[in-house]
Amino acid sequence: MTNTHKEILLRRPEDTANLATRIGALLVPGDCVLLAGPIGAGKTHFARHLIQSLQDVPEDVPSPTFTLVQTYDTATSELWHADLYRLTALDEVEELGLSDAFETAICLVEWPDRLGDLAPPSALHLAFATDPSCETSRILTCSWSDPKWCAKMEQCENG
């Protein structure tokens with residue numbers, strides 16, 4: 001597997017929402033997107049717009065900070081949105097059922113560092129950072145090792 005990465009400047013929250021929609025359109029069951037970055041960097045904003053873009057009737061998408069996992073039905077599969085911020089041990093991840101979901105659903109995982117060795121090797125990693133030069137901008141670093149993401153990210157950029 002090759003390691004590839006790309007940096008994207010998201011100047012406005014709308015840019016983040018549009019990218020989320022474009023990436024969401026390319027996801028299939030078994031795809032996992034790991035969302036990293038500090039509190040307030042845009043992880044939940046991205047996840048909310050991706051999820052809503054896949055729903056027939058967009059519904060409210062709360063942050064799963066306290067529920068840990070929210071599931072949604074989409075036209076193509078079940079989608080799991082997990083926020084692992086409050087987890088402290090790997091066995092807590094296992095109890096959530098994420099390992100099975102990684103194989104059968106589309107998964108969005110905030111605070112993926114809590115996954116440890118359970119992180120899917122084929123995942124797309126999105127690291128959000130605030131832009132010190134502009135309060136509304138975000139710097140997004142996309143990285144992956146599974147070749148399937150090369151075509152998807154190229155398609156996303158051109159779409």
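# A guided reading of a predicted protein model

Of the 159 residues of the protein, 44% count as buried, where buried means under 20% relative accessible area, exposed means over 50%, and partly exposed covers what lies in between (1.4 Å probe, protein chains only). The structure is a predicted model, in which local features need pLDDT of at least 70 and side-chain atom pairs count only at pLDDT 80 or more, while totals for chains, interfaces and linings use all residues. Residues are numbered from 1 along each chain as its sequence is written, and side-chain values use heavy atoms, with hydrogens and water left out.

The overall architecture comes next. The protein contains 5 helices and 7 strands; helices (H or I, at least four residues) and strands (E, at least two) are DSSP runs, numbered from the N terminus. Read from the N terminus on, the order of elements is β-α-β-α-β-β-α-α-β-β-β-α. The radius of gyration is 15 Å, close to the 15 Å that the globule rule gives for 159 residues, so the protein is as compact as a globular protein of that length. Here the radius of gyration is taken over C-alpha atoms, and the globule rule is 2.2 Å times the number of residues to the power 0.38. Along the principal axes, the C-alpha atoms fill a box of roughly 40 × 35 × 30 Å.

Contacts show how the chain is folded onto itself. A contact means heavy atoms within 4.5 Å. Among the contacts with a separation of 6 or more, 65% are between residues 24 or more positions apart.

The interior can now be considered. A nonpolar core is a set of buried Ala, Val, Leu, Ile, Met, Phe, Trp, Tyr and Cys residues joined through side-chain atoms within 4.5 Å. The largest such core has 29 residues, of which I23, F46, L50 and L126 touch the most other members. Two or more residues of this core come from each of β1 (4-10), α1 (13-24), β2 (32-36), α2 (43-54), β5 (106-110), β6 (124-131), β7 (134-144) and α5 (148-158). The largest share, 5 residues, is given by α2. Leaving aside neighbours within four places in sequence, F46 is in contact with T16, L19, A20, I23, L35, L126 and F128. Apart from this core lies another, of 18 residues, which includes L34, V69, L84 and A105.

One of the partners of F46 is L19, a residue of helix α1. L19 is buried, with a relative accessible area of 3%. Not counting residues up to four places away in sequence, L19 touches I8, L10, F46, L140 and C156. The C-alpha atoms of L19 and I8 are separated by 9.9 Å, and these residues are 11 apart along the chain.

Two loop residues may be examined in turn. W111 is located in the loop between β5 and β6 and is buried, with a relative accessible area of 16%. Although W111 is not a glycine, it has a positive phi of about 60°. P62 belongs to the loop between α2 and β3 (69-73) and is partly exposed, with a relative accessible area of 35%. Beyond its neighbours within four places in sequence, P62 is in contact with R48, Q70, Y72 and H81.

Finally, the outside of the protein deserves attention. D100, in helix α4 (residues 98-104), is exposed, with a relative accessible area of 57%. D100 and G30 are 70 residues apart in sequence, and their C-alpha atoms are 9.6 Å apart in space. The accessible surface of the protein comes to about 8,000 Å², of which 51% belongs to carbon and sulfur atoms; accessible areas come from the Shrake-Rupley method with a 1.4 Å probe, and for residues only the protein chains shown count as cover.
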